[in-house]
Amino acid sequence: MKPVIDALAVHGWTADVDSRIRKLAPHEMAARVVRVDRGACDIATISGITRCKLGPRDSLVPGDWVIVEVDPSAQFVLTERVERTTEIQRVDATGTGNQTLAVNVDVMFALHGVDRPHRVGRLERLSILAWEAGVEPVVVITKIDLADQGESVISVDDAKAEVASMLADVPIHAVSSVTGQGLDELAQYLQPGSSVALAGESGCGKSTLVNALVGDSVAPTGRTRIGDNKGRHTTTWRELIPLGNGAVVVDMPGIRTIGVTSESAGTDRAYEDIAELALSCRFRDCGHSNEPGCAVQAARADGTLSDARWTSYTKLNREHAAESERAVERRQRDEARELLRKKRAEEPEAPRR
Ligand SMILES: Nc1nc2c(ncn2[C@@H]2O[C@H](COP(=O)(O)OP(=O)(O)OP(=O)(O)O)[C@@H](O)[C@H]2O)c(=O)[nH]1
Ligand SMILES: [Zn+2]
């Protein structure tokens with residue numbers, strides 16, 4: 001018999017979450033955000049899913065833990081957001097700062113279907129965003145039943161090998177949500193209390209995988225999309241879905257570009273081998289271009305370090321540097337604005353006539 005667990009436990013409540021939430025007043029409740037819309041969100045409380053009002057400045061994403069209270073009109077309102085354990089962020093394409101993609105997750109599944117040209121660069125970048133956030137990336141190659149039928153663009157072994165050549169120590173699993181093959185390998189990440197973010201291009205099979213894991217149709221597949229004003233398409237559905245055993249999966253919004261932030265810890269994690277090599281360069285400040293005694297260039301020459309990885313590494317570092325500069329500019333601009341605002345507030349009002 002399955003143990004009966006309450007609505008909050010179904011949504012990932014653990015002793016650790018409990019310990020991070022302050023003592024609640026009698027009229028307050030702990031809850032988890034499962035879906036966010038403009039001005040309101042859906043939250044899971046101990047007694048089920050309910051609607052909660054949001055102010056214009058409240059920024060929540062599915063996966064957030066919150067404290068809510070009931071106002072005099074019997075509506076739930078947000079009191080505070082519980083500090084996040086993890087926050088996966090990217091730089092959004094417009095360059096206006098970081099966009100939060102998923103919070104309070106332990107693991108990120110980066111999905112890719114064998115029915116599409118393999119783009120390992122995307123999987124690498126997703127893994128870097130995860131590492132940067134302290135989240136464990138796991139590559140999930142989907143739709144492997146198509147490969148058995150000769151309907152894939154790449155064999156499963158080749159897809160695995162390609163990923164492994166770029167991401168040496170990321171676990172790789174190959175699954176079919178149609179036949180169920182390989183799904184049991186994912187169970188280790190989906191234990192009670194764990195929260196897993198799902199990332200991947202539109203059509204990579206996220207919804208179908210969720211349905212297969214739940215064993216029921218909870219996520220709409222081939223979702224309808226509404227074009228935004230730039231003529232692009234955005235998915236309007238974005239949710240946290242309980243698998244029933246206390247594990248949840250959180251859909252990450254579909255993203256076109258995976259811009260890395262100013263923080264480079266994720267890239268350092270992906271390229272520990274280069275950092276290791278650099279220790280053997282003759283000069284401590286070696287730029288690894290044409291300095292004598294450069295161990296990195298030596299590794300490139302003897303093939304230990306592939307061109308693909310070196311190219312990706314240098315590109316990522318250029319992006320981190322450029323984003324650091326932009327972050328400084330943004331900070332200076334914000335400070336200047338704040339100063340101006342203060343000055344205006346202090347100025348005596350213009351004399352009336
Ligand atoms: N043969 C096969 N087809 C699959 C599998 N998983 C998904 N598909 C198909 O791939 C298409 C896209 O799957 P979805 O699950 O809707 O993809 P998604 O990633 O949720 O896409 P968005 O809703 O755009 O985010 C659908 O036609 C699915 O039926 C699989 O394991 N095998
Ligand atoms: Zn060097």
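Which residues of helix α3 are buried? I shall open with that question and then turn to the strands. Please bear in mind throughout that this is a predicted model.

The buried residues in α3 are Val120, Arg122, Leu123, Glu124, Arg125, Leu126, Ser127, Ile128, Leu129, Ala130 and Trp131. In other words, 11 of the 13 residues of this helix are buried, so α3 is largely enclosed by the rest of the structure. The length of the helix can also be checked. Helix α3 covers residues 120-132, and at 1.5 Å a residue its 13 residues should span 18 Å; the C-alpha atoms at its ends are 18 Å apart, which agrees. Just after α3 comes Gly134, whose phi is positive, at about 80 degrees.

I now move to the barrel. Five strands close into it, in the order β1-β2-β3-β5-β4, with mixed pairing. From one strand to the next, the twist averages 55 degrees.

Let us take the individual pairings. Strand β2, residues 40-45, runs antiparallel to strand β3, residues 48-53, and six bridges join them. These two strands form a hairpin, with two residues between them. Within this pair, Ala40 stands opposite Lys53 of β3.

Val77 of β5 is, in turn, the bridge partner of Glu69. That contact brings us to strand β4, residues 65-70, which is joined to β5, residues 76-81, by five bridges in an antiparallel arrangement.

Key
Residues are numbered from 1 along each chain as its sequence is written. Chains are lettered from A and ligands numbered from 1 in the order in which they are written. This is a predicted model: local features need pLDDT of at least 70, side-chain atom pairs count only at pLDDT 80 or more; totals for chains, interfaces and linings use all residues. Side-chain values use heavy atoms; hydrogens and water are left out. Two strands pair if DSSP finds at least two bridges between them. Helices (H or I, at least four residues) and strands (E, at least two) are DSSP runs, numbered from the N terminus. Axes are lines fitted to C-alpha atoms, for helices over the stretch in contact, and angles run from 0 to 180 degrees between N-to-C directions. The expected span of a helix is 1.5 Å times one less than its number of residues. Buried means under 20% relative accessible area, exposed over 50%, partly exposed in between (1.4 Å probe, protein chains only).
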